[in-house]
Amino acid sequence: MEDENRSIAYLKMHKNPTKDLKSDEDYLRWSEKCLNEANAYFEVSFRCKDMIHNEFRNAFLTNVSFACELYLKYLLLIQNIDCRKEHNLYNYLRNYLKKYKLI
């Protein structure tokens, strides 16, 4: 029963159980998970790219948006920026760009 509960994701992001990221290895492990998931969403969206021209376009666009979000999270996590519980990635990206004086 306990193992079943580990796969439950709560709609409120702050309630999802997560491990603290303390080391570079922790960040790398999470970034690799994001990259793998992003690649999976991108692959699905690529396979259904013809849907963009019919009433099922939302399925295509949803997969593309999830892939983009996970690719961005990957880029942030490899820079040791913990963004796992956040969907407002604009703030993270803006802070990242300011940190490295790119804006």
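Arg 84 counts as buried because its relative accessibility is 12%, where buried means under 20% relative accessible area, exposed over 50% and partly exposed in between (1.4 Å probe, protein chains only). The structure is a predicted model, in which local features need pLDDT of at least 70 and side-chain atom pairs count only at pLDDT 80 or more, while totals for chains, interfaces and linings use all residues. Residues are numbered from 1 along each chain as its sequence is written, and side-chain values use heavy atoms, with hydrogens and water left out.

Arg 84 sits in the loop that joins α3 (57-77) to α4 (89-99); helices are DSSP runs of H or I with at least four residues, numbered from the N terminus. Its side chain makes a polar contact with that of Asp 82 at 2.8 Å. Such a contact is a pair of N or O atoms within 3.5 Å; within protein, one must be able to donate a hydrogen and the other to accept it, and residues adjacent in sequence count only if both atoms are side-chain atoms.

Among the buried residues of α3 are Phe 60, Leu 70 and Leu 77. The buried residues of this helix pack against α2 (24-47) and α4.

The chain as a whole has 4 helices and 0 strands. Of its 103 residues, 21% are buried.

Note on methods: Helices (H or I, at least four residues) and strands (E, at least two) are DSSP runs, numbered from the N terminus. Contact means heavy atoms within 4.5 Å.
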